[in-house]
Amino acid sequence: MKTEYPDKTMTINEYNKCVDLYSDNVYRFAMKSVRDEDTANDLVQDTFMRLWQHVDKINLETAKPYLFKIANNLMIDLYRKNKFMDSNPIDSEKYSYVHEYTDLKEQLDKALDNLAQIQKTVIMLRDYEDYSYEEIGQITGLSESQVKVYIYRARKNLKDYLIESRIEL
């Protein structure tokens, strides 16, 4: 992914538009991984700070994949630094909202948490954020075929987990 466009740099208005358009998406992406509001907010803030630091090299068209790549890299750094994902139990009541009780959301969250970090990342980018295989590859640094393999394996693992848990699909 080529992100440098010296003749088409982002303006302040375009940067503000990026914040308006993509901050919620980046927050949801971070929240699904870290499961902590403060940490997710910090990741969003750091992501947009890094975009601002490179505003002269990015344009509006390439900003969204760039933001998700930054957020993904920050989450990987966080995970490596303090093993955050393994030490924080999920408070599923805090993050779920349904009119009628169903434990499907909790089971899906548990199934997602059982995935390897890379599988969880590609599934969230594909199924939650609707990125193409190519875009996911650009964000994660994987080839398109690697992305497809990780998504296939993640979906298989999710299905196996849900079947073992006797959840009707």
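User: Let's start with one side chain: is Arg-153 buried, partly exposed or exposed?

Analyst: Happy to begin there. Buried means under 20% relative accessible area, exposed over 50%, and partly exposed in between, with a 1.4 Å probe and protein chains only. Arg-153 has 45% relative accessibility, so Arg-153 counts as partly exposed. Arg-153 is found in helix H9, and the C-alpha atoms of Arg-153 and Gln-119, 34 residues apart along the chain, are separated by 7.5 Å. Helices here are DSSP runs (H or I, at least four residues), numbered from the N terminus. Keep in mind that this is a predicted model: local features need pLDDT of at least 70, side-chain atom pairs count only at pLDDT 80 or more, and totals for chains, interfaces and linings use all residues. Residues are numbered from 1 along each chain as its sequence is written, and side-chain values use heavy atoms, leaving out hydrogens and water.

User: How do I read a helix crossing, and at what angle do H1 and H3 cross?

Analyst: Axes are lines fitted to C-alpha atoms, for helices over the stretch in contact, and angles run from 0 to 180 degrees between N-to-C directions. The axes of helix H1 (residues 12-34) and helix H3 (residues 60-82) come within 10 Å and cross at roughly 35°. The crossing of H1 and H3 is right-handed, meaning that the near helix is turned clockwise from the far one by less than a right angle.

User: Which residues make that contact?

Analyst: Contact means heavy atoms within 4.5 Å. H1 brings residues including Cys-18, Tyr-22 and Phe-29, while those from H3 include Leu-67, Phe-68 and Met-75. The contact residues divide into 13 nonpolar, 3 polar and 3 charged. In that count, Ala, Val, Leu, Ile, Met, Phe, Trp, Tyr, Cys and Pro are nonpolar, Asp, Glu, Lys and Arg are charged, and the others, Gly among them, are polar.

User: Which residues touch the most other members of the largest nonpolar core?

Analyst: In soluble globular proteins, nonpolar side chains tend to be buried together. A nonpolar core is a set of buried Ala, Val, Leu, Ile, Met, Phe, Trp, Tyr and Cys residues joined through side-chain atoms within 4.5 Å. The largest one has 42 residues, of which Met-10, Cys-18, Phe-48 and Leu-51 touch the most other members. H3 gives the most to this core, with 10 residues.

User: How many aromatic pairs are there, and how are they classed?

Analyst: Rings of Phe, Tyr and Trp (its six-membered ring) pair if their centres lie within 6.5 Å; planes under 30 degrees apart count as stacked, over 60 as edge-to-face and the rest as tilted. A search of the whole structure finds 4 aromatic pairs. Tyr-15 and Trp-52 form an edge-to-face pair, 4.9 Å centre to centre with 70° between the planes. Tyr-15 is buried at 13%, whereas Trp-52 is partly exposed at 41%. The rings of Phe-68 and Tyr-131 have their centres 5.1 Å apart and planes at 70°, so this pair is edge-to-face too.

Terms used:
Helix = DSSP H or I, 4+ residues; strand = E, 2+ residues; numbered from the N terminus.
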